[in-house]
Amino acid sequence: MTVRRATATEANTVFGFFEEMAAGATQDIFGTSDIWVVEDDGMVVTMASVDLADLPEDVVAVADHIGLRIGTMEGMDFHLDLQGAVLLATVSRSMTVRVSEQAARMWLYGKDILGDSVLSWPKKVGPGDACIVVNPRWEAIGIGEVLEKGKGQRPVIRPVHDLGTYLRDQGGD
Amino acid sequence: MSSSKIEAARIPAGPKVREWSRKHGFDEWMVARFVRLLPEPQRLLEGLTTPPPKYIRVNPLRADLDEVRKRLDARGFKLGRTDLDPQVLRVRHAPISPGATQEHLLGMTTPQDLASAAAPIALAAGSAETVVDMAAAPGIKTLHLAGDMEDDGRLVAVEPDPDRMRALRFNLERCGISDTALLQCPGQDVPGEAWADKVLLDAPCTGEGTLPKDRKRRRGRIEEITDRASLQCDLLDAADRILRPGGTLVYATCTLAPEENEAQVQRLLDRGYVLQDLPFDSCGGAALMPGVTQWPGLELSDALRKAKRFVPGIHPTLGFFVAKLRKEGSS
């Protein structure tokens, strides 16, 4: 395992992804934070306080993880993770599907979102597209894939990542 | 620092101890030690056999306290304020587990015991500092430290166990913490010298303070105290090594045993550390119990009165010990 600061190319790929979603998102979300990567089986991308780079080198050398996981990188493609979606949803609604409170509750148990529960959605999303699912208060609760357009062109969404993971996989504390 | 073994004191059990032991289902050696330790052992024994109050702490990085309270009120929760930490709310009624709410999953709240907030409060971590949480999982206190540091600065969380590290990572991620480096290694193996401004060691312990939620601990081997004390010595030596002169160390456990508490702090005092006043002296309206200065087999300084104990039955918490020390010298 290697934990290191992202190269300029890698960081620009991440920033480019967020800028594409919303102009100015990079500054709003990252501010002065650094991008780090954790290389293990794949490449995890994290956002980290710029001060962490000042830790002693021998401490960084034995670190297993630094910062907040926001996505993964495959080649030069950045893929959003749960907390990346949470951050993005605070500055952009371009790929957010807003659902009812009841649907949000069921989603956290891993259930699909049916069209009837969708309150608002970007008209451009279609089958196969990824979207950020938000509750009625515009808080991101996961990332989904649009399965189809249902009644009134409302999307039907299956979970890809949902916040319920923190409960199901960890088993509480 | 001396590495001499700290042996657990065996206190003879009289008739009253045997009676209380039978009544509450504890080992006699355990009750005998409680009776020696506390002026009101019956209140402790009642407290140790009563389900503990539940609390949640609101993550200031993710939500405003009043907003969270309003949201959980709307879900049927009944919450009350606490006097130790304004971010901690007592859960008086919960229609579902506080760890299963949307607010929890959104990183706005985390279940925790009130007393465990005492250790981060004592450390008073700041945003420009290098802070180490040496036995971090599941990360409840790490979250508190990150909040105090406004998710800025350098926070290092250490945990040797892979499963517990996973829980730690999930908790930090859920709460959106980005100023933390995670080290999966024994605390003794944290590298370097004199680089940390502040260290929190909430040490692995025999957990006598958690008896209200864990009946299994009512029976055990007294030798476990000696074993844990040995591990605590090693961890404190490592904490001492990485802490810069003039830095602050908070030592805490969730056990009552003086061998795991005052005896450990005394080793640091012998090395020139100075005990500091804690920024709290009561909880739930009752004064905290000062650290003991007399215990069979131990030579303890009067300064140890500055350390404090939370005692089930007297305070509305699990049992907890906390001491704040300053390392001699300047940075």
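Reply: A term to start with: contact means heavy atoms within 4.5 Å. Helices (H or I, at least four residues) and strands (E, at least two) are DSSP runs, numbered from the N terminus. This is a predicted model, where local features need pLDDT of at least 70 and side-chain atom pairs count only at pLDDT 80 or more, while totals for chains, interfaces and linings use all residues. Residues are numbered from 1 along each chain as its sequence is written, chains are lettered from A and ligands numbered from 1 in the order in which they are written, and side-chain values use heavy atoms, leaving out hydrogens and water.

Me: Okay, helices. At what angle do α9 and α10 of chain B pack?

Reply: Two packed helices are described by the angle between their axes and the distance between the axes. The axes are lines fitted to C-alpha atoms, for helices over the stretch in contact, with angles from 0 to 180 degrees between N-to-C directions. Here α9 (residues 223-242) and α10 (residues 262-270) of chain B pack at about 35°, and their axes are 10 Å apart.

Me: Which residues of α9(B) and α10(B) meet?

Reply: From α9(B) come B:A229, B:Q232, B:C233, B:L236 and B:D237, and they meet B:Q264, B:R267 and B:L268 of α10(B). By class, that contact has four nonpolar, two polar and two charged residues. The classes go like this: Ala, Val, Leu, Ile, Met, Phe, Trp, Tyr, Cys and Pro are nonpolar, Asp, Glu, Lys and Arg are charged, and the others, Gly among them, are polar.

Me: And how do α7(B) and α8(B) cross?

Reply: Roughly at 35°, with the axes of α7(B) and α8(B) (residues 162-174) coming within 9 Å. That crossing is right-handed too. B:I140, B:T142 and B:L143 in α7(B) meet B:L168, B:N171, B:L172 and B:R174 in α8(B). Sorted by class, they are four nonpolar, two polar and one charged.

Me: Next, burial. How many residues of helix α4 in chain A are buried?

Reply: Buried means under 20% relative accessible area, exposed over 50%, and partly exposed in between (1.4 Å probe, protein chains only). Helix α4 (residues 82-89) of chain A is mostly covered, with eight of its eight residues buried. Among them are A:L82, A:G84 and A:L88.

Me: Is B:E262 buried or exposed?

Reply: B:E262 counts as buried because its relative accessible area is 0%. This residue is found in helix α10 of chain B. Not counting residues up to four places away in sequence, B:E262 touches B:G291, B:V292, B:L300, B:L304, B:R309 and B:F321.

Me: Where does B:P212 lie?

Reply: Look in the loop between β8 (196-202) and α9 of chain B. B:P212 is buried as well, at 14%. In sequence B:P212 and B:L201 are eleven residues apart, and in space 23 Å, C-alpha to C-alpha. Beyond its neighbours within four places in sequence, B:P212 is in contact with residues including B:G47, B:P52 and B:L318.

Me: What should I look for in the backbone?

Reply: Most residues other than glycine have a negative phi, and most peptide bonds are trans. A:W138 is not a glycine, yet has a positive phi of about 65°. A:W138 sits in the loop between β9 (130-134) and β10 (140-149) of chain A, and counts as partly exposed at 25% relative accessibility. B:E150 has a positive phi of about 55° and is exposed, at 59%. For a cis peptide bond, go from B:A137 to B:P138, where omega is near 5°.

Me: Last one: how many aromatic pairs does the structure hold?

Reply: A pair of aromatic rings is described by the distance of the centres and the angle of the planes. Rings of Phe, Tyr and Trp (its six-membered ring) pair if their centres lie within 6.5 Å, and planes under 30 degrees apart are stacked, over 60 edge-to-face, the rest tilted. Over all chains there are nine such pairs. One of them, B:F26 with B:F34, is edge-to-face, at 6.4 Å centre to centre and 85° between the planes. Both B:F26 and B:F34 are buried. B:F280 and B:F310 form a tilted pair, at 6.3 Å and 50°.

Terms used. A crossing is left-handed if the near helix is turned anticlockwise from the far one by less than a right angle, and right-handed if clockwise.
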